[in-house]
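Here is a brisk tour of one protein model. Keep the sequence and the 3D view side by side as you read.

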Amino acid sequence: MRGYTGKLLRINLSNRESHIEDIPEQLMKNFLGGRGLAARYLYSELNAGVEPLGPDNKLLFMMGPLGATAAMAVSRMAIVSKSPLTGCIAKSIVGGNFGAFLKFAGFDGIIVEGKAEKPTYVHIDMDKVHILDADEIWGLDTEETQTRLRQRHGASTKVVCIGPAGEKLVRYATILSDRRCAGRTGLGAVMGVKKLKAITVNSVGPLSVHDPQQFKRLAKEQVKDLKVSPRRIQMTNFGTSYMTLGFEKMGLFPVHNFQEGHLEGIERLGEEEFAKIKVKNSGCYGCMTRCGQERQVTEGPYVGAFSEGPDFETIWALGGNLGNIDLASLVAADSLCDRLGIDTISTGNAIGFACELFQRRIITTRDSDGLDLTWGNPGDILKLVEKIGRREGFGELLGEGTKRAAEHIGKGAETCAMHVKGLEIPAYEPRAIKGYGLIFATSNIGANHMYGRPREEFAGKKDRFADEGKGEDIARAQKAQAVEDSVIQCSFGAATRFTPELRSEFLVAATGFDEFGDPTYLDQIGERIICLERLFNIREGFSRKDDTLPARMLTEPLKNAGPATGQVIRKLDTLLDEYYDAFGYTRQGIPSIEKLSQIGLEWVVQDIERFVK
Ligand code: SF4
């Protein structure tokens, strides 16, 4: 076995046992790795209706076939489960170093089952697995946890862990590796309910590949190209912060909880401003781009605040979305979210929801524990972040996510809840780039900007305001993302410079599987993954009615958004029909039997017959 280790570590926390099993070669060929392979295992092993925050849910950590090799920006890790936030399949991709060292230890992935009786962590020392008590680190934040575990097992120990938010089951709690987050869909709460505080690994490389000479040649070419690539250099210099001002100008940047598209003073959140407090770069294993921007506040009320960020999404979520242009407060808020272990996107979106309720007088300071939720009030934003992460007071309700919070509050609060299938919408205004609207509506994990990207609309090659004619492009974008998440390559094209052909060459050189040399074979893997994720949701009762967007996007013309002003998503039904046609689904969004046979999923036909009424 090359590229892959071919081994999976299965850990049962209920009986504190673990064992190693082989991954069948055909599964790798059919699902590639990462997100795809994890979805395949989850689908087969989870019964429909399992409680996400119960012992029967499973949590999968899965690497891809290029991870831990000499190729650049391919050592990320997929984490997959059933989401406590949405009830759908959950996936999030995390960077850092843990995944590469998991492979060096001999594992392509881990499946965590059951639930420990008391706080626990798992230590992997090469191929030896120890299930240990975590009483002393339970309650610590993610920084303290990683520091403590490195003191115990060695400075080079790699860690994934949760913070207090995961322990307290905040429904959008994260899992951290170094300062990198598996941010979306609440995977940290799944770890928390299992009383699993962390997994640590000590191991040494390297990992062998099928054709070392060819692989070395490809890796050399990739590095040569990256060295001079202007896009790579821009990412190294600014991370994703360079996107803010340009997107705001395009009307893509939601402001005041998606009520408008322009914020006075936004230039204070530009990349050059963030660059002034940059300390150094950081990054994931085997990536020369090192897009992480370590920043430290040097003056004012947040002096000393330090974070590896904020990235573009967080600048939006805790900044522009809340009318907050205090740059230093964003560094502090980003750091606080990471330490507590909560998703900055869902947190900012939930606070934006609360601010709009405050604006509309649906809630008052009596509901918000006295916090003044006027737009652009950084001090109280930070206090609310802390309350959410610790599930205290008003934070307890917001920690349930905007969908559940709105249902609880009533009085029309649901019109201010910006989510799809329960997952809060990220930093892109769907009315200003309608391909993203269709991606958010149809994503099997809820509104997620990493479930395909409408690249041609961003580049101006396709009309981003067009009301129809997007289904095929978006189906293609989602399939491409599924492949990226399974390889697993960094989704910043600037960091890999992969063409489909180059990626295929890398995959064949790593694994020796000639099938991967054909980009159309990989494309079909992408389709298979999306289809299986959809089937997972269908089994859980999701259908076309859930492939939608908040009413605001469908009925209220966008205000104050430059060239996007007045835009609204007029024809979501048409877009859905186009998208279902492109995938070969019925008009109810159900994969047809013919389609399932065509893409090698005939074994799920019985589920369709059982669950589709
Ligand atoms: S570009 Fe950034 S996110 Fe991507 S692999 Fe490199 S360091 Fe990680």
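Helices (H or I, at least four residues) and strands (E, at least two) are DSSP runs, numbered from the N terminus.

## Basis of the model

This is a predicted model, in which local features need pLDDT of at least 70, side-chain atom pairs count only at pLDDT 80 or more, and totals for chains, interfaces and linings use all residues. Residues are numbered from 1 along each chain as its sequence is written, and side-chain values use heavy atoms, with hydrogens and water left out.

## Asp141

Asp141 sits in the loop between strand 8 (128–133) and helix 4 (142–153). Its relative accessible area is 10%, so Asp141 is buried (buried means under 20% relative accessible area, exposed over 50%, partly exposed in between, with a 1.4 Å probe and protein chains only).

Which residues does Asp141 contact, leaving aside its neighbours within four places in sequence? They are Pro164 and Arg339 (contact means heavy atoms within 4.5 Å). The side chains of Asp141 and Arg339 make a polar contact at 2.8 Å. A polar contact is a pair of N or O atoms within 3.5 Å; within protein, one must be able to donate a hydrogen and the other to accept it, and residues adjacent in sequence count only if both atoms are side-chain atoms. A polar atom of the Asp141 side chain also lies 3.0 Å from the backbone nitrogen of Glu143.

An open sheet of 3 strands runs in the order 13-14-15, with antiparallel pairing (two strands pair if DSSP finds at least two bridges between them). Strand 13 (278–282) and strand 15 (306–308) are the edges; each has a single partner strand, so one side of each lacks a neighbour in the sheet. Strand 13 and strand 14 (residues 292–296) pair over 4 bridges. Lys278 stands opposite Arg295 in strand 14.

Helix 8 (residues 230–238) packs on the sheet and touches strand 13 and strand 14. Helix 12 (residues 327–340) also packs on the sheet, touching strand 14 and strand 15.

## A buried hairpin strand

Strand 4 (residues 77–82) and strand 5 form a hairpin with 6 residues between them. Gly87 in the turn has a positive phi of about 80°. The two strands pair in the antiparallel sense over 6 bridges. Lys82 has Ile89 as its bridge partner in strand 5.

Strand 5 (residues 89–94) has 6 of its 6 residues buried, so it is largely enclosed by the rest of the structure. Ile89, Lys91 and Ile93 point one way, while Ala90, Ser92 and Val94 point the other way.

Conventions: Axes fitted to C-alpha atoms, helices over the stretch in contact; angles between N-to-C directions.
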